[in-house]
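Welcome! Please take a moment to look over the sequence and the 3D view, and then we will walk through them together.

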Amino acid sequence: MATTLHPATARSAGSGPAPRRRKPLFRRSAPDRSQSLRRTVQFAFLGLNVWIGIQFLMWVHYFESHGASRYVGRPAGVDGWLPIAGLMNLKYFLFTGHLPLIHPASLVLISVFLLASMFLKKSFCSWLCPVGTVSEYLWKLGRRLFRRNFLVPRWLDPILRSLKYLLLAFFAGIVLTMSADALNGFLLAPFGIIVDVKMLNFFRELSIGGFAILAALMLLSVFIQNFWCRFLCPYGALMGLASLVSPVKIRRDSDACIDCGKCARACPSHLPVDQLLQIRSAECSACMECVAACPAENALQFSLPPRASQDECPAEEPAQIVARWRNRSIGPRTMAAALVLIFIGFVGVARLTGHWQTYISRDVYMRLVPHADEYNH
Ligand code: SF4
Ligand code: SF4
């Protein structure tokens, strides 16, 4: 009885190199919706951050005007913009088992984002982070204006990517060398209590040097894809390291893949998606741009490992490929729902248990906020 061998099996049986055969394309049966869904989540979180920013400005203004303006409660979500306070609180919590009193939301939010990264790759960067969203639309603007984005030379790319890990090591080093008591004392001191106001003042009173750096970063982001995220963001570096343990990854099925290379060309992180069977890299932000670009059914998945395949399966048998991936893929809807649920779940529990807000009296803030520039560490 004649047996049809899988091309790989035929090669290993010693029949010599198989002639390179163009693989049949089984077009995907449904259009990809991942990018429209991702955009929706991105803009929802961007809107949430704008709203938090406006509320925070009004809260600060109340104290700066010595109570003359309308009082608006401090939005605890602003703690998400204090990643170093988040790292400090995380260490304090891990070493003492106590939840922090000052900027507790920074601990909640860094935990949410680390958890998301550990299960869903660096999805925080491409689905939730407002800086990532702005960065993405800047390079898209650049592509529209100049019909292309520019590539950094191949030799320079790993050097630039390592900068964000150096920055992370610098900040993590400071936090790691401080004792839990010292961290607690730092955050309970006036500087720690109003570190959010100091951050706001940094941007409101931007020096010419600071403005030039910000403008240069924005300009570079127009020309080079995700310049800040890929090369300089220490928070993204932390999420990338956490994402290394994620069981869900971008995975390519070489039987279904037709080697067109569209996935690699679509990847904003410039990963060789078309040459690997799974993307382990800490640079993968789970943006699913590669999946959206792929024309072949089930060739590329954001998924758990596939089921064991049968070697005798003819490569051109799509039913076998479908079976391999059944219930393994994390589609964009599942991804969006998981991220939103983790976020709402953690924030909800923190709110209900009283570990979301910093409980400091208005009198104390009235004394500290108008003089924020005078407090230094
Ligand atoms: S491999 Fe795919 S999901 Fe990962 S960054 Fe590249 S395009 Fe995005
Ligand atoms: S886009 Fe990538 S995974 Fe999809 S068929 Fe082309 S090379 Fe293969």
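## Around ligand 2

A residue is taken to be near a molecule if its C-beta atom, placed from the backbone, lies within 6 Å of that molecule. With that in mind, how many residues surround ligand 2? There are 15, and the closest are Cys-257, Cys-260, Cys-263, Asp-274 and Cys-294. Sorted by class, this shell holds 10 nonpolar residues, 4 charged ones and 1 polar one.

The chain has a mean pLDDT of 90, and 92% of its residues reach 70 or more. Confidence is highest in helix H13 (residues 234-243), at a mean of 98, and lowest in helix H1 (residues 7-12), at 37.

Helix H1 covers residues 7-12, and pLDDT stays under 50 over residues 1-18. For residues 1-18 the model has 15 contacts beyond four places in sequence. Where pLDDT is low, the predicted coordinates should not be read in detail.

## The chain as a whole

Now step back and view the whole chain. It has 377 residues, of which 34% count as buried. The chain contains 18 helices and 2 strands. Its C-alpha atoms fill a box of roughly 90 × 45 × 40 Å, taken along the principal axes.

Contacts tell you about the fold too. Taking those between residues at least 6 apart in sequence, 75% join residues at least 24 apart.

## The two strands

Strand E1 spans residues 249-252, and strand E2 spans residues 300-303. The two run antiparallel and are joined by 4 bridges. One place to look is Lys-249, whose bridge partner in E2 is Ser-303.

Which way do the residues of E1 point? Lys-249 and Arg-251 point one way, Ile-250 and Arg-252 point the other way, and all of them are buried.

## Two loop residues with positive phi

His-66 has a phi near 55°, a positive value in a residue other than glycine. You will find His-66 in the loop between helix H2 (34-64) and helix H3 (83-96). Is His-66 buried or exposed? His-66 counts as exposed because it has 10 C-beta neighbours inside 10 Å, and the cut-off for exposed is 12 or fewer.

Asn-298 also has a positive phi, near 60°, and is not a glycine. Asn-298 sits in the loop between helix H15 (289-293) and E2. Asn-298 is buried, because 23 other C-beta atoms lie within 10 Å and 20 or more is the cut-off for buried.

Methods: Residues numbered from 1 in each chain as written. Chains lettered and ligands numbered in written order. Predicted model: local features only at pLDDT ≥ 70, side-chain atom pairs only at ≥ 80, totals over all residues. Nonpolar A, V, L, I, M, F, W, Y, C, P; charged D, E, K, R; others polar. Pairing = 2+ DSSP bridges. Contact = placed C-beta atoms within 7 Å. pLDDT = per-residue confidence, 0-100.
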